[in-house]
Amino acid sequence: MIENLALGAMLFGTALDKRRSFELLDRFVDAGGVWIDTANCYAFWADPTGFGGQSETLLGRWLARRPGVRDRVRISTKVGCEPTVAGRFPESAEGLSAGAIRKGIEASLRRLGTDHVELYWAHKPDPDTPLEETVAAFGELLSAGTVGRLGCSNYPAWQVERARRMARAHGTAGFTAVQQHHTYLQPRPGTGPSVVHRFGAVTDEVLHYLEHHPDLELWAYTPLLSGRYTRADKPLPTEYDHPGTARRLAVLDEVATETGTNRNRVVLAWLTGGNPAATPIVGVSSVRQLDEAVAGVSLKLEAGQRERLDAAL
């Protein structure tokens with residue numbers, strides 16, 4: 001069983017058709033994969049309607065065609081970013097009011113064809129809804145057994161802490177996972193990675209918070225920079241154009257040679273074996289890419305290799 005890897009289903013049902021999506025899902029489960037990550041808004045930007053739900057719908061169809069597989073997988077989905085008006089994101093995002101959360105989980109469960117999800121995420125902070133209202137609404141879903149655990153994505157560390165304190169005060173379990181962009185390379189100081197969300201990147205502050213709260217898991221999205229570690233036709237974004245990138249890539253190549261692998265596998269091994277350990281979410285479009293991701297999270301780095309990777313700045 002592979003529990004330290006999540007299959008990203010963002011483009012299932014849009015950029016990836018039913019046949020290819022089913023092939024990847026079957027391969028993932030056959031390899032021992034457990035976690036499948038999606039969201040109620042995936043992929044509104046890739047669908048002519050301007051609204052999401054395609055990924056969850058496809059997953060629901062796959063689950064219906066595979067009797068018994070629901071007991072073998074864990075579903076991770078999100079609420080908060082689905083547009084309420086086509087073509088107007090982020091200003092029309094549904095947000096995290098109690099009503100939006102209840103409506104969101106009901107629609108997600110209907111599309112998925114299940115009565116619960118193992119992990120439910122607040123997709124991004126909602127500045128227009130009191131945090132107390134959001135925390136209480138999520139707590140109700142936990143109490144009802146509709147969701148197994150809660151997570152928050154693209155949140156600043158202070159808001160994660162405040163939400164967790166509120167949940168404890170209400171006698172419920174709060175967020176036990178955070179989902180941010182995290183990878184081996186670091187953006188140039190004074191810049192941020194090319195992610196949509198203001199607080200989407202893992203920072204030293206986030207890592208420090210996680211180190212002191214071992215009950216909180218880290219999930220990492222876009223861990224392989226959409227193929228940019230290994231594909232010459234996909235250059236790194238400009239924020240990685242600095243001397244530190246060259247130094248880290250050099251060590252990455254050294255370790256890849258020593259392990260007989262490649263940059264992608266070493267990055268995934270570095271993430272899963274770190275402190276805190278991360279669960280990378282990989283979006284793949286081919287069986288080859290999926291097999292490589294499985295091999296990456298199975299790779300164990302030697303202590304000296306990890307020390308060299310960490311020390312390259």
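Glu254 is partly exposed, with a relative accessibility of 40%. In this predicted model, the side chain of Glu254 forms a salt bridge with that of Arg308, at 3.3 Å from N to O. Glu254 belongs to helix H7 and Arg308 to helix H10, so the bridge ties together parts 54 residues apart in sequence. Arg308 is also partly exposed, at 31% relative accessibility.

Helix H7 holds a further bridge partner, Asp253. The side chains of Asp253 and Arg263 meet at 2.7 Å, N to O, in a salt bridge. Asp253 sits in helix H7 and Arg263 in helix H8, so this pair joins parts ten residues apart in sequence. Asp253 has a relative accessibility of 32% and therefore counts as partly exposed.

## Other salt bridges

The whole structure contains 17 salt bridges. One of them pairs the side chains of Arg88 and Glu91, with an N to O distance of 3.7 Å. How do the two ends compare with the exposure classes? Arg88 is partly exposed at 44% relative accessibility. Glu91 reaches 52% and counts as exposed, because the exposed class begins over 50%.

Salt bridges also form a network. Its members are Arg19, Arg20 and Glu23.

## Helix H8 and its cover

Is helix H8 largely enclosed or open? Eight of its ten residues are buried, so the rest of the structure largely encloses H8. The buried residues are Asn264, Val266, Val267, Leu268, Ala269, Trp270, Leu271 and Thr272.

Which elements cover these buried residues of H8? The cover includes two strands, S1 and S8 (278–282). Helices H7 (243–259), H9 (287–298) and H10 (303–311) also belong to the cover. Helix H7 thus has two recorded links to H8: part of the cover over its buried residues, and the Asp253–Arg263 salt bridge.

## Aromatic pairs

How many aromatic pairs does the structure hold? The count comes to nine. A pair of aromatic rings is described by the distance of the centres and the angle of the planes. For Tyr42 and Trp45, the centres are 6.1 Å apart and the planes stand at 80 degrees, so the pair is edge-to-face. Tyr42 is buried, with 7% relative accessible area. Trp45 is partly exposed, at 46%.

Tyr184 and Trp270 make another edge-to-face pair, with 5.1 Å between centres and 80 degrees between planes. This pair links distant parts of the chain, 86 residues apart. Tyr184 lies in the loop between strand S6 (175–181) and helix H6 (204–211). Trp270 lies in helix H8 (residues 263–272).

## Cluster and charge over a ring

Tyr42 and Trp45 are also members of an aromatic cluster. Phe44 and Phe89 complete that cluster.

What lies over the face of Tyr184? Arg248 does, at 3.8 Å from the ring centre.

## A nonpolar surface patch

Together with Met10 and Leu11, Trp45 makes a nonpolar surface patch of about 270 Å². Met10 is placed in the loop between strand S1 (2–8) and helix H1 (18–30). At 33% relative accessibility, Met10 counts as partly exposed. Trp45 is partly exposed as well.

## Gly104 in helix H3

Gly104 is part of helix H3 (residues 98–112). Is Gly104 buried or exposed? Its relative accessibility is 4%, so Gly104 counts as buried.

Which residues does Gly104 touch, leaving aside those up to four places away in sequence? The contacts are Val79 and Tyr120. Glu82 is 22 residues from Gly104 in sequence, with a C-alpha to C-alpha distance of 8.9 Å.

Conventions. Residues numbered from 1 in each chain as written. Predicted model: local features only at pLDDT ≥ 70, side-chain atom pairs only at ≥ 80, totals over all residues. Heavy atoms only, no water. Patch = residues over 30% accessible without salt bridge, like charges linked within 9 Å, V, L, I, M, F, W, Y side chains within 5 Å. Areas by Shrake-Rupley, 256 points an atom, 1.4 Å probe, with all protein chains shown as cover. Salt bridge = Lys/Arg side-chain N within 4 Å of Asp/Glu carboxyl O. Helix = DSSP H or I, 4+ residues; strand = E, 2+ residues; numbered from the N terminus. Buried < 20%, exposed > 50% of the residue type's maximum accessible area, 1.4 Å probe, protein only. Contact = heavy atoms within 4.5 Å. Phe/Tyr/Trp six-rings, centres within 6.5 Å; stacked < 30°, edge-to-face > 60°. Lys NZ or Arg CZ within 6 Å of the ring centre and 35° of its normal.
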